[in-house]
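Hi everyone, thanks for coming.

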Amino acid sequence: MTWFTRPLWQRVAVAFALGILAGTLAGEQAAVWFKPLGDVYLNLVRMIVIPLVFFTIASSVAKLAEAGNVARLGARTLFWFIATSAIAVLVGIAFGHLIDPGLGLSNLPLGEVKPRTIPTPLEVLIGIVPTNPIKAMADTNVLQVLFFAGIVGAALVSLGEKTAGLRGLVDQGSALVFRITRWVLQLTPIGTFGLIAWVVGRYGLSSLLPLGKFIGAMYLACLFHIIVVYGGLLKLHGLKPSRFFRGALPAQQMAFATSSSLATLPMTLRVAVEKLGVPQSYASFAVPLGANVKMDGCGAIYPAIAAIFIAQYFGLDLSLTQYVLIGLTAVLGSLGTAGVPGTSIVMLTLTLSTAGLPLEGIGYIVAIDRVVDMMRTATNVTGQILVPVLVAKEEGILDQAVYDGAAETREPAADTVLVAAE
């Protein structure tokens, strides 16, 4: 079997291993030798995110509006976004107290933390509506592009046969972007190698040891949430967890390497449709939305564990009221800060402020943020795939044959423009 005929997840796994080895051998020079490979790959992925969001959302909203189930699918999706985030907070609090990451530590180096301006919910709501759609695209403001594309899709339906040619053009644009996406995603092993080599070379083992318990708490909590919570929800819906994790693996690998839900968006959408049987018309709506507001790792587990760490480090006892505030802030905060850059730091700042904990505590954990962010993002992306799968199953629109692996490729349909995944 040649390199390019192997499944993508296997090629990425090999790139992971080689990246760890190269980063260990190169040390600080990894940033010079290998990071440019990762940077070029990330630029390529970011290049296709906005065209992907615009064309797929405009096309999918038009199809869903015709079917008359946009509101119901949207409500179910939002419900599962919130429900799984609430469980994630409880998981974070449980593992924070199980491992006690802040006890026994003192004199940690204090990193520089840039102050974050936290918008009010009203400002976030107003900010979703773009004053200039072209500027929103140039600024990679995905939520504003998503809003504008949704309006375009609804207008195409409203105009009916008058815009039949334009609707066909939008569908063709979606097919074109997915073809480019396929080409770019073939470079994932190269990008993964460069990014992992850089991270390993930059941090090394010695720099992680002082905060080893905090890192361990984050990784264990995220793994528990992915395997036990997500796996349990899949079983409750009559779906095999092993099939889900096998299908989601390429997106999880990419999320871990890039630490970016938006950079992983093309892969997330691809595996949801091709490997897990979610209809493209629905996935094209739910997955980009989830990439902005579904943050179980960054917005729920991380703030909960970090709040406990900071309270323990400063010798503070958290009250029941503070735990409730942490939970509410974590569950609702991801929705309230959607589209704001630096979600994890914004969410942590918001959580600490609400719970009355010292904000300077962020400086003690910011030094290892990239290492923690890798697992946070993998958790985020897994949730962004899980929810569309659950909703599709509940709505009876999940392609069970694709999910079960009985069919490698979705049957040709009006809403299908993707080619088969590896």
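Let's begin with a word we need: a helix here is a DSSP run of H or I with at least four residues, and helices are numbered from the N terminus. Keep in mind as well that this is a predicted model.

With that in hand, find Thr 163, which sits in the loop between α7 (142–159) and α8 (164–185). Is Thr 163 buried or exposed? Its relative accessible area is 11%, and the cut-off for buried is under 20%, so Thr 163 counts as buried.

Now let's visit another threonine. Thr 56 belongs to helix α3, which covers residues 35–67. Thr 56 is buried too, with a relative accessible area of 2%. A polar atom of the Thr 56 side chain lies 3.4 Å from the backbone oxygen of Val 53. And what does Thr 56 touch, if we skip residues up to four places away in sequence? The answer is Ser 174, Phe 178, Leu 269 and Ser 284.

Next, a pair of helices. Two packed helices are described by the angle between their axes and the distance between the axes. Look at helix α1 (residues 8–26) and helix α9 (residues 188–203): their axes come within 7 Å and cross at roughly 30°. Angles under 35 degrees count as roughly parallel, so α1 is roughly parallel to α9. The crossing of these two helices, α1 and α9, is right-handed. On the α1 side, the contact includes Leu 8, Arg 11, Val 12 and Phe 16. On the α9 side, among the residues involved are Thr 188, Pro 189, Phe 193 and Ile 196. The residues of this contact between α1 and α9 divide into twelve nonpolar, six polar and one charged.

Last stop: backbone angles. Asp 100 is not a glycine, yet it has a positive phi of about 50°. You'll find Asp 100 in the loop between α4 (70–99) and α5 (121–127), and at 22% relative accessibility it counts as partly exposed. Thr 140 is another non-glycine residue with a positive phi, near 55°. Thr 140 is placed in the loop between α6 (133–138) and α7, and it is partly exposed, with a relative accessible area of 38%.

Technical notes:
Residues numbered from 1 in each chain as written. Predicted model: local features only at pLDDT ≥ 70, side-chain atom pairs only at ≥ 80, totals over all residues. Heavy atoms only, no water. Axes fitted to C-alpha atoms, helices over the stretch in contact; angles between N-to-C directions. Parallel < 35°, antiparallel > 145°, perpendicular 65-115°, else oblique. Left-handed = near helix turned anticlockwise from the far one by under 90°. Contact = heavy atoms within 4.5 Å. Nonpolar A, V, L, I, M, F, W, Y, C, P; charged D, E, K, R; others polar. Buried < 20%, exposed > 50% of the residue type's maximum accessible area, 1.4 Å probe, protein only. Polar contact = N/O pair within 3.5 Å; in protein donor to acceptor, adjacent residues only side chain to side chain.
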